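The sequence and model come first, then my entries.

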There are 4 protein chains.
Amino acid sequence: MVERMTRRIEEMGLKAHVIIGTERTVIAAVGDKRDGEQETLESCDEVDKVVPILAPYKVASRETRAEPTCVNTLDLKIGGGHIGVIAGPCSVESEEQLLTSARAVKAAGATGLRGGAFKPRTSPYAFQGLKEDGLKLLAAARDETGLAVVTEIMTPGHIDLLVKYADVLQIGARNMQNYHLLQAVGDAGKPVLLKRGPSATMDEFLLAAEYILDRGNSQVVLCERGVRTFETHTRFTLPLASVPYLQQRTHLPVLIDPSHGTGIASLVPPMAAAAVAVGCDGLMVEVHPDPSKALSDGAQSLTPKVFAEMMETCRTVASSSGKRLG
Amino acid sequence: MVERMTRRIEEMGLKAHVIIGTERTVIAAVGDKRDGEQETLESCDEVDKVVPILAPYKVASRETRAEPTCVNTLDLKIGGGHIGVIAGPCSVESEEQLLTSARAVKAAGATGLRGGAFKPRTSPYAFQGLKEDGLKLLAAARDETGLAVVTEIMTPGHIDLLVKYADVLQIGARNMQNYHLLQAVGDAGKPVLLKRGPSATMDEFLLAAEYILDRGNSQVVLCERGVRTFETHTRFTLPLASVPYLQQRTHLPVLIDPSHGTGIASLVPPMAAAAVAVGCDGLMVEVHPDPSKALSDGAQSLTPKVFAEMMETCRTVASSSGKRLG
Amino acid sequence: MVERMTRRIEEMGLKAHVIIGTERTVIAAVGDKRDGEQETLESCDEVDKVVPILAPYKVASRETRAEPTCVNTLDLKIGGGHIGVIAGPCSVESEEQLLTSARAVKAAGATGLRGGAFKPRTSPYAFQGLKEDGLKLLAAARDETGLAVVTEIMTPGHIDLLVKYADVLQIGARNMQNYHLLQAVGDAGKPVLLKRGPSATMDEFLLAAEYILDRGNSQVVLCERGVRTFETHTRFTLPLASVPYLQQRTHLPVLIDPSHGTGIASLVPPMAAAAVAVGCDGLMVEVHPDPSKALSDGAQSLTPKVFAEMMETCRTVASSSGKRLG
Amino acid sequence: MVERMTRRIEEMGLKAHVIIGTERTVIAAVGDKRDGEQETLESCDEVDKVVPILAPYKVASRETRAEPTCVNTLDLKIGGGHIGVIAGPCSVESEEQLLTSARAVKAAGATGLRGGAFKPRTSPYAFQGLKEDGLKLLAAARDETGLAVVTEIMTPGHIDLLVKYADVLQIGARNMQNYHLLQAVGDAGKPVLLKRGPSATMDEFLLAAEYILDRGNSQVVLCERGVRTFETHTRFTLPLASVPYLQQRTHLPVLIDPSHGTGIASLVPPMAAAAVAVGCDGLMVEVHPDPSKALSDGAQSLTPKVFAEMMETCRTVASSSGKRLG
C-alpha cells in the first residue's frame with residue numbers, strides 16, 4: 001500500500017519520503033505545489049489526510065513526524081529517552097593514546113568513541129591527522145571496547161574509506177553547508193552527526209539536515225557546539241536554548257558538545273550537567289589521557305578522572321527527568 | 001585593629017575596603033601602586049601578608065575574598081548554597097495583577113518579587129510604568145507576602161524614592177555602564193541586582209560591579225540575562241557558561257534571568273533547570289496571571305501554574321547538588 | 001494658524017510637534033490613535049492632509065519631514081550638504097594639550113572640537129577626566145579658535161554645568177538608552193550628538209533619538225561609531241551601510257566616528273574617506289599632539305599631520321559629490 | 001640558482017615557494033623550524049638574508065612579498081593599482097538573461113562576468129543552478145564580450161568541468177574552510193576568488209588563502225562580503241576596514257562584494273563608492289536585467305542602468321586616488 005502511494009506521488013513529479021512511526025505512517029511528498037494535487041491525493045482510499053508542511057525543512061519537521069527519532073548503532077543510542085555519550089580525544093594520535101582514552105570513557109559509561117583521523121585545521125601547517133592509520137586505530141578500539149566510532153568526514157572523495165571504518169559520520173561545523181558532502185553522507189546510509197556552523201541560523205541548520213534526509217537517510221543527529229559571538233572569554237558561546245527550541249521543531253535528536261562550546265576544561269562538566277537538565281539527547285566530550293600533551297584542543301580536554309566525575313553528576317540529573325545516560 | 005590599619009592605608013593615599021570573612025579579614029587597599037608600599041604594610045604586626053590583586057576588578061575578585069558572598073534581605077538569600085528565586089510580572093500594572101502574581105510565586109516557593117514601576121522602554125510612546133504608584137503596590141505586596149521587592153532604578157535622581165520602597169535595587173541591562181547610577185546605588189546601602197549589558201564583556205561586567213563595590217556596598221548580585229548575537233530565534237542568546245566562569249573569578253553571586261534570556265515562555269522552564277544544574281545562585285523569572293494581556297513582555301511570561309511546575313523541577317535538580325532553592 | 005492647530009491637537013489629548021520646512025509646515029500629532037481623529041483634523045481648513053506615520057519613530061521619520069535636517073552651531077554645520085568635522089583629543093588632559101590640538105584641527109579644516117571632561121571609563125580606577133576644569137579649557141579653546149565645543153554629558157545632574165560650557169552635548173554609546181539623560185538633553189535646547197550603542201539596532205537607535213525629539217529638541221545628530229561583533233582585530237566593526245540606511249529613514253544627519261569604529265590609527269584615514277564617499281554628514285576624529293602619551297585612546301588617535309592629510313583626501317572625495325567638508 | 005636553492009631547501013625537509021618580485025626573489029621555506037637551519041641557509045652565497053616569518057600565514061604575508069600581487073586574466077586586473085570590476089547575475093538563468101547582463105556590464109566598464117552555474121542553496125528544494133548548461137552560457141558570453149568568467153566551484157569533483165569553462169574559480173563563503181576544495185583549486189592553476197566566511201576571523205581568512213598558496217597557486221583574490229552580526233536590517237554587516245587591515249598584512253588583492261554585504265539594492269552604489277574610497281582592489285556586484293524576476297538574490301541586484309551610474313561615481317572616486325577602475 002505504501003509502495004502504491006509512493007509510486008503515485010512520484011508519477012505526480014514529486015519525491016516521496018516514507019516515515020514509519022509507531023502510530024501512523026507518513027509519506028512526505030516533496031516538490032513544487034500545484035493546483036489540485038491535494039485533492040487528488042486525498043481522494044485515495046489509503047490516505048487519511050493530506051497536510052501541508054509549513055516549515056521550510058519538510059522531512060526534518062515535527063509536522064511530518066511527531067515522535068522523536070532515536071539514532072542508534074551498536075550500543076550508542078541518541079534520542080527517544082536515551083542520552084548518548086560520545087567521548088574521546090580530539091585527534092587520534094597513537095594506539096596507546098586512543099586505547100587508553102577508549103577504555104576510560106567506556107568505563108565511565110560512554111557508548112560512543114570520538115577521535116579525528118582527518119582533521120580540518122585552520123592552518124595548512126598544523127597536524128592534519130593520522131588519516132587511514134587513524135581510522136584503523138579507531139576500528140581496533142571499537143573491536144576491543146564495543147564503542148561506536150564517530151569520526152569526521154571532510155570531503156566526498158573519502159566516503160568509501162570512512163564507511164569502511166566508522167559507525168557514525170561526523171560533519172564538522174566548517175562543512176555544515178558543504179552541500180555535496182551532505183548529499184554524499186545522505187547516500188552512504190550510515191548515521192550522521194551534523195554539527196551546527198558557528199554562525200548558522202536554526203533554519204540553515206535544519207535545512208542542512210534536510211539535505212541529508214532528502215537522500216533517504218533519516219539517521220541524523222543535530223549537534224549544537226556553540227556559536228561565534230563577541231564573547232572571547234569562551235571559545236564559542238554555547239546556547240543551550242537550542243535544545244528545546246529544536247526539539248519543538250524537529251524529531252531529530254539534539255546533542256551538545258560542551259568541549260568546543262566553551263573551549264575551557266573547567267567549564268565542561270557544569271555545562272554538560274546543564275545540557276542534560278535542559279533536555280539534550282546526547283553529549284560529545286573531549287577526553288585525553290594527558291591533556292597537556294594533546295596535539296589539538298588540549299585546553300578543553302578532560303582527564304579520564306574528571307570525565308568520570310562529570311558522568312556521575314550527569315547521571316543524577318538525567319535520572320531526575322527519567323532519562324538514561326550513556 | 002582593623003580601624004588602625006584602615007587609617008594607615010588611607011594615610012598612604014589609598015582607599016581601604018574591609019572584607020570580613022569567616023576565616024580571615026582582608027583589607028583591600030586600592031589606588032596607584034608606589035614603591036615601598038608593600039614593604040611598609042607588611043612590616044605592620046597585624047598584617048599577615050600583602051598580596052597584589054592582578055584582576056582589574058579588585059574588590060569583586062576572588063583573590064580579595066575567597067568565600068562566596070551571600071546577598072540577603074528578608075527571606076531572599078542569593079549565593080553561598082542558596083538559590084534565590086525572584087519572580088513576578090515585568091511591569092506592575094494594577095493592584096490585582098500584582099497581588100495575584102505575588103501570592104502565586106510565593107506559594108510556589110519564590111522569596112523575591114519582581115515588578116517594574118519605572119520602565120525603560122525602547123519607545124518614548126510605550127507604557128512607562130506606574131511610577132510611584134507602582135512602588136506603593138510593590139510595598140503593599142511585600143507587606144502581605146513577605147517577599148523582598150526587587151525593582152529597577154533608572155536614574156540617580158530617583159534614589160530617595162526607590163530606597164523608600166524597594167529591598168533590592170535593580171540596574172537594568174541598558175544602564176550597566178551608567179556610572180553615576182552605579183555610584184548612586186553604591187552609596188544607597190541597599191542590595192543591588194546588576195544586569196549584564198547585552199554586549200558587555202565579562203571584564204566590563206565585573207568592573208561595573210566594581211563601581212558599586214568601590215562605594216562600600218558589597219551586596220551585589222550579578223545577573224546574566226543574555227547577550228545580543230546574530231541569533232534571532234530567541235530574544236537574546238543566554239550563555240550559561242557565564243555562571244561557572246564568573247564564579248571562578250568573583251565571590252559575588254550569579255543569577256540567571258531565563259525570561260529575557262530567551263524571550264519565549266516555553267523555553268524558560270528548561271533553561272531555568274539548566275541554570276540550576278550549571279550552578280547558578282539565583283533565578284529571576286517573569287510570571288503574569290494572564291500573559292496574553294500583559295502590558296510588556298507577555299511572550300516570555302509564565303502562568304502561575306507553569307511557574308509552579310518549573311519550581312518543582314528546579315528543586316529536584318538543586319537538591320541533587322546539595323543546594324536549597326527559594 | 002500653526003498655534004491654533006497645535007492647540008486643537010493638544011485638546012484632543014495628543015502632543016504636537018511643529019516642523020517647519022521650506023516647502024510646507026508639518027505638525028506631528030503623537031499619541032494613541034482614536035476613531036474619528038483623522039477626520040476631525042482633516043476637516044480643518046488649514047490642514048492640507050493627515051498622514052499616518054508608520055515608522056515607530058514618529059518625529060525622526062522622513063515621513064514627517066522629507067528635507068534633511070542641518071544641525072548647526074557656530075561654524076559647525078552637519079547635514080544638508082555640509083559635512084561637519086569634529087576633531088580633538090579623547091580626553092582634555094591639559095591646557096597645552098588641548099590648545100595644540102584645537103589649533104591643529106582648526107588649521108586642517110575642522111569646525112568642531114571634541115574633548116572629554118567627564119569620561120565614562122570601564123574601570124572605576126581609570127582617569128575619569130578633568131571635570132569642570134576640563135570644560136573651562138574647552139571653552140577657552142573655543143574662544144580662541146571659534147571651534148564649536150562637543151563634549152559628553154554622563155548624567156542628568158550635570159546638565160546645568162554642561163550647558164554653560166558646551167555647544168553640542170554628546171551622549172556616549174554606553175548611555176544611548178539612558179532615557180532620563182535623553183530627556184534631559186531634549187529639554188536643554190542645545191544640539192545633541194547621539195552615539196549608537198554598540199549592540200543597538202537601527203530602530204532602537206532612532207527611538208533613542210525620538211526621546212530627545214519628543215521633548216521639542218530637533219537638533220540631533222546620529223553618530224555611528226561601530227558595533228560589537230565577533231571581530232576582534234578592530235575595536236568595533238564599523239558598518240558604513242548605516243549611513244544610507246538611516247538617511248533613507250530619517251531626516252537627521254548621520255556622522256561617522258572612524259576612531260572608535262576601528263580603534264587603530266592607521267585605519268582611520270581610509271575609513272574617513274570611505275565615510276565621505278558613502279554620503280555621511282559629518283566626521284568625528286580623535287587627534288592628539290602626541291598619541292603615545294595620551295591618557296586614553298592613544299592607539300586610535302591621529303597626529304595633527306596625519307589628520308591634515310586625511311582632511312585633504314576627504315575634501316577631494318567630498319567635492320566629487322558636491323558636498324562641502326568642514 | 002633559484003632551482004639550486006629550492007633543491008637544497010627541499011633536501012632539508014622543507015617546502016619551497018618561489019616568489020619572484022621586481023626588486024628581489026624570495027624563496028619561502030615552510031616547515032617545522034629546526035636548530036641550525038637558519039645558519040645553514042645563510043651560509044649559501046646566493047642568499048642575501050634569512051628572515052623568519054612571524055605571521056601564521058607564511059606565503060600570504062607581506063613579510064614574504066612586499067609588493068602587491070595583481071591577479072589578472074583576460075582584461076580583468078585586480079590589484080596593483082587596478083580595481084577589477086566583476087558584475088553579472090547571481091545565477092545564470094537563461095541565454096538571454098545572461099547575455100543581456102554581460103553586454104550591459106561590459107558597456108558600463110566591467111572586466112569580469114559573474115554568474116552561478118552550480119548554486120549552493122540553503123534549501124535542497126531551491127533552484128540549484130543550470131550546472132554545465134550554465135557554464136556553457138558563461139563561456140559563450142565570454143566569447144562575445146571578452147569578459148573573464150568568474151563562477152563558483154562547490155566540490156573537488158567538479159574541478160575538471162569548471163576549469164574547462166571558467167577564468168576565475170570562486171570559493172563561496174560557505175566553503176571558505178572546505179580545505180580539500182581549497183587544495184583542489186590550489187592545484188588547478190586558475191586564479192581563485194576566495195570569499196570570507198560570514199564568521200571567519202582575519203587569521204582564518206588568510207590561512208584559508210594559505211591553503212591555496214601552499215599548493216603553488218599565487219593568483220588568489222580575497223573577497224570581503226560581509227559578516228554575520230546582530231544586525232538584521234542588512235543581510236550581512238560589511239566591514240570596509242577589512243580592506244586596509246588586510247592590505248597591511250598581505251600582498252593579495254582585496255575585493256569587496258557590496259551586494260551580499262548589504263542585501264539591499266539601494267545600499268549597493270554608496271557602499272561600492274565607499275569601497276573604492278577605502279582602497280579596495282576590486283568590486284563584485286550583482287546585476288540583473290529585471291531584478292524583480294531573478295531566481296535568486298533579486299532584492300540586492302542592480303538594474304543595468306543603476307549599475308552604470310554606480311560605475312560613474314566609482315570611477316570619479318578611484319581617479320582621485322590615482323587608480324584605474326574596471
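My entries below go interface by interface, then helix by helix.

**Ground rules.** I am working from a predicted model, in which local features need pLDDT of at least 70 and side-chain atom pairs count only at pLDDT 80 or more, while totals for chains, interfaces and linings use all residues. Residues are numbered from 1 along each chain as its sequence is written, chains are lettered from A and ligands numbered from 1 in the order in which they are written, and side-chain values use heavy atoms, with hydrogens and water left out.

**Entry 1: chain D against chain A.** I laid chain D on chain A, and a turn of 180° with a shift of 0.0 Å along the axis gave an RMSD of 0.0 Å (least squares on the C-alpha atoms of residues with pLDDT of at least 70 in both). The two copies are therefore related as by a two-fold rotation axis. Ser199(D) is the residue of chain D that comes closest to this axis, with its C-alpha at 3.1 Å. Both copies use the same surface, since 100% of the contact residues of chain D recur in chain A.

I noted 31 residues of chain D in contact with 31 residues of chain A (contact means heavy atoms within 4.5 Å). Between them the chains bury about 2700 Å², with 54% of it on carbon and sulfur atoms; buried area is the accessible area (1.4 Å probe) that two parts lose on being put together, summed over both.

I found 2 salt bridges across this interface (a side-chain nitrogen of Lys or Arg within 4 Å of a carboxyl oxygen of Asp or Glu). Arg228(A) makes one with Glu204(D), with the closest N and O atoms 2.7 Å apart. On the side of chain D that touches chain A, helices H6 (179-188) and H7 (202-213) of chain D each give two or more residues. H7(D) gives the most, with 4 residues. Helices (H or I, at least four residues) and strands (E, at least two) are DSSP runs, numbered from the N terminus.

**Entry 2: chain D against chain C.** Here 35 residues of chain D are in contact with 35 residues of chain C. The buried area is about 2400 Å², and carbon and sulfur atoms give 75% of it. Phe230(D), His233(D) and Tyr245(D) supply 23% of the area that chain D buries against chain C, more than any other three residues.

I counted 2 salt bridges between chain D and chain C. Arg196(C) and Glu231(D) meet in a salt bridge at 2.6 Å, N to O. Helices H8 (242-249), H10 (268-278) and H11 (304-320) of chain D give two or more residues to the side that touches chain C. H10(D) has the largest share of that side, with 6 residues.

Entry 3: Gly279(D) follows the helix, with a positive phi near 105°.

**Entry 4: H6 of chain B.** The buried residues of this helix (179-188) include Tyr179(B), Leu181(B) and Leu182(B). Their cover includes helix H5 (159-165), strand S8 (168-171), strand S9 (192-195) and helix H7 (202-213) of chain B. Gly189(B) follows H6(B), with a positive phi near 75°.

Definitions and conventions:
Buried < 20%, exposed > 50% of the residue type's maximum accessible area, 1.4 Å probe, protein only.
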